[in-house]
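Please examine the sequence and structure shown here before reading on. The briefing that follows is written for a reader new to this structure.

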Amino acid sequence: MSESTEQVQNADRLWRGFRQEPFPDSLRRATFGGTHVWLLELDIAGCVLRWLDNGGTLDSMNSILLQSSIKDLDRVIPEIDDPAAAKYCQQLHQLAVLVSRNLPSTK
């Protein structure tokens, strides 16, 4: 099994586990510095699904969106007071970073 295939399988496993978790009520209308958490989740989920569906590849537009969403989560997570909501966002971040690390580098 190639390393790429293994990473896709790892991400798929994390994604399936993440999808079992309900979106925290405390985040439904939460914004941090103008960033809506539900929109971050939607953007990252879309990128992860595209990456999984394409066998570990993502077009440049979605790669940029994923990187931007990771930076937004880096900024947002420390501001979340609800421990369960923070854990949810940390899991989302972990998944996004795993996909991001397995994208071809851009020049």
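Residues count as buried under 20% relative accessible area, as exposed over 50%, and as partly exposed in between, with a 1.4 Å probe and protein chains only. The model is predicted: local features need pLDDT of at least 70, side-chain atom pairs count only at pLDDT 80 or more, and totals for chains, interfaces and linings use all residues. Numbering starts from 1 along each chain as its sequence is written, and side-chain values use heavy atoms, leaving out hydrogens and water.

**Overall architecture**

- The protein chain holds four helices and two strands, where helices (H or I, at least four residues) and strands (E, at least two) are DSSP runs numbered from the N terminus.
- Read from the N terminus, the order of the elements is α-β-β-α-α-α.
- The C-alpha trace spans about 40 × 30 × 20 Å along its principal axes.

**Burial and contacts**

- Of the 107 residues in the protein chain, 42% count as buried.
- Contacts are heavy atoms within 4.5 Å; among those between residues at least 6 apart in sequence, 70% join residues at least 24 apart.
- The protein chain exposes about 6,700 Å², of which carbon and sulfur atoms supply 50%; accessible areas come from the Shrake-Rupley method with a 1.4 Å probe, and for residues only the protein chains shown count as cover.

- R28 lies in the loop between α1 (3-19) and β1 (31-32).
- Because its relative accessibility is 44%, R28 counts as partly exposed.
- Leaving aside residues up to four places away in sequence, R28 touches F23 and W38.
- A polar contact, meaning a pair of N or O atoms within 3.5 Å, one able to donate a hydrogen and the other to accept it, with residues adjacent in sequence counting only if both atoms are side-chain atoms, joins the side chains of R28 and D25 at 3.0 Å.
- A polar atom of the R28 side chain also lies 3.2 Å from the backbone oxygen of F23.

**W38 and its position**

- W38 belongs to helix α2 (residues 37-53).
- W38 is partly exposed, with a relative accessible area of 41%.
- R28 and W38 are 10 residues apart in sequence, and their C-alpha atoms are 6.4 Å apart in space.
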